[in-house]
Amino acid sequence: MRRLTDMLLQFARFDAGQEEMVRQPVDFTELVEGCVERLKPLAEGQHLNLVLNLQPTEVLGDTLRLAQVVINLVQNAIQYTPAGGSVSVMVESTSAGTHLKVADTGIGISATDLPRVFERFFRADRARSGGEGRTGLGLAISQAIIQAHGGRIAVESTFGVGTCFTVHLPRAETI
Ligand code: ATP
Ligand code: MG
């Protein structure tokens, strides 16, 4: 309940434009490494293979909020992938900016549910069972954070096969 209240408060502040977003150079590669390191025990506990492919890159933004997004995405990938599967995290730097990809070989999202995953409180039927403590707010918050950084978040998925979330953050000097 405490977590839900915190998340709702965060939204109320985002909506009111009161949520302060720090803008400072962030070593995004190091940030992703740190987040993955924190979630490694969870992945190992579920017998998942974690694959990393991280190019060096910097973004302009809010370290804590960006870490929140990375943790949400990687945690989802771990939670929604059965044992024996794999979760891969990729960071790529191009002339357009920084790209983060979090792909899994998990339960996937049906075509009907896919357009709704960024909605507040949305949880697909299959994810609802056994999801104690989950609120269905993780992706909605992640999207709000990425948009506040001038970026985009997108998802592709095949039901029963796997899911891939991509985040694009613009080049530091173009924000
Ligand atoms: P929490 O707020 O605790 O993160 P949640 O994980 O249910 O709860 P979101 O992270 O917003 O909420 O995700 C919304 C829904 O999207 C999930 O309930 C699940 O149905 C679906 N989903 C998200 N990521 C994945 C994934 N990697 N594979 C399959 N389904 C996913
Ligand atoms: Mg989640």
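Start on the outside: select Asp27, Glu30, Glu33 and Glu58, and you'll see a surface patch of negative charge where these four gather. Keep in mind as you click around that this is a predicted model.

Next stop, the ligand. Select ligand 1 and bring up its surroundings: 21 residues surround it, and the closest are Asn76, Asp104, Arg123, Thr135 and Leu139.

- Arg123: an N or O atom of the Arg123 side chain is 2.5 Å from an oxygen atom of ligand 1.
- Asn76: here an oxygen atom of ligand 1 lies 2.8 Å from a side-chain N or O atom.
- Ala124: this time go to the backbone, where a polar atom of Ala124 is 3.0 Å from an oxygen atom of ligand 1.

Taken on its own, ligand 1 has 590 Å² of accessible area, and the protein covers 98% of that.

How many does the structure hold? There are two. For one of them, select Lys40 and Glu37, whose side chains meet at 3.8 Å, N to O. Turn the cartoon back on and you'll find both Lys40 and Glu37 in helix H2, which runs over residues 28–45. Lys40 and Glu37 are three residues apart there, or about one turn of the helix.

How values were computed:
Residues numbered from 1 in each chain as written. Chains lettered and ligands numbered in written order. Predicted model: local features only at pLDDT ≥ 70, side-chain atom pairs only at ≥ 80, totals over all residues. Heavy atoms only, no water. Patch = residues over 30% accessible without salt bridge, like charges linked within 9 Å, V, L, I, M, F, W, Y side chains within 5 Å. Areas by Shrake-Rupley, 256 points an atom, 1.4 Å probe, with all protein chains shown as cover. Lys, Arg positive; Asp, Glu negative; His and termini not counted. Charge placed at Lys NZ, Arg CZ, Asp CG, Glu CD. Near = heavy atom within 4 Å. Polar contact = N/O pair within 3.5 Å; in protein donor to acceptor, adjacent residues only side chain to side chain. Helix = DSSP H or I, 4+ residues; strand = E, 2+ residues; numbered from the N terminus.
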